[in-house]
Amino acid sequence: MGLSTTEFKETYLRKYNDGWSMKSTPCPFLTPEGCSIYDMRPETCKEYPYTGKDEIVFRLINLINNCKICPVVFEIFQKLKVIYGREFREYKRVMAPYWR
Ligand code: SF4
């Protein structure tokens, strides 16, 4: 890409919470064919959507545990299951031809 890490950060990134984020959206490297710097993409892009991060797993386990002690959390969880269950069934229907 011809940029140092410092130049890349100064040109494309901004500080965001404890890490970095792209300065502009959509990402300047996103093309109709996908990521134009895929082999060199930043670590955060490789980790996205962060499902392997300990804190994500911890939060999910906490949420599930809270269903046992809080009726409000339980009700929210039930509603999310209905909403995302419907969307997931539609996603599976649309994607099925590509999974064969
Ligand atoms: S993977 Fe990262 S660098 Fe590539 S298009 Fe997506 S956000 Fe941009």
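A residue counts as buried if 20 or more other C-beta atoms lie within 10 Å of its own, as exposed if 12 or fewer do, and as partly exposed in between. With that scale in hand, one can turn to the structure itself, which is a predicted model, and begin with a single residue. Pro28 has 13 C-beta neighbours inside 10 Å and therefore counts as partly exposed. For the protein as a whole, buried residues make up 1% of the 100 residues.

The overall layout comes next. The secondary structure consists of four helices and four strands, and along the sequence these follow the pattern α-β-β-β-β-α-α-α. The radius of gyration of the protein is 19 Å, well over the 13 Å that the globule rule gives for 100 residues, so the protein is more spread out than a compact globule. Taken along the principal axes, the box that the C-alpha atoms fill is roughly 55 × 40 × 20 Å. The domain assignment divides the protein into domain 1, covering 5–47, and domain 2, covering 54–98, and the C-alpha centres of domain 1 and domain 2 are 29 Å apart.

Among the strands, β1, made of residues 13–16, pairs with β2 in the antiparallel sense over four bridges, and within this arrangement Leu13 stands opposite Met22 in β2. The two strands β1 and β2 form a hairpin with two residues between them, and Asn17, which lies in the turn, has a positive phi of about 50°. Most residues other than glycine have a negative phi, and most peptide bonds are trans.

Pro26 is found in the loop between β2 and β3, and the peptide bond that joins Thr25 and Pro26 is cis, with an omega of about -5°. Although Pro28 and Tyr12 are 16 residues apart along the chain, their C-alpha atoms are separated by 8.2 Å.

Technical notes: Residues are numbered from 1 along each chain as its sequence is written. This is a predicted model: local features need pLDDT of at least 70, side-chain atom pairs count only at pLDDT 80 or more; totals for chains, interfaces and linings use all residues. Domain bounds come from an automatic or database domain assignment. The radius of gyration is taken over C-alpha atoms; the globule rule is 2.2 Å times the number of residues to the power 0.38. Two strands pair if DSSP finds at least two bridges between them.
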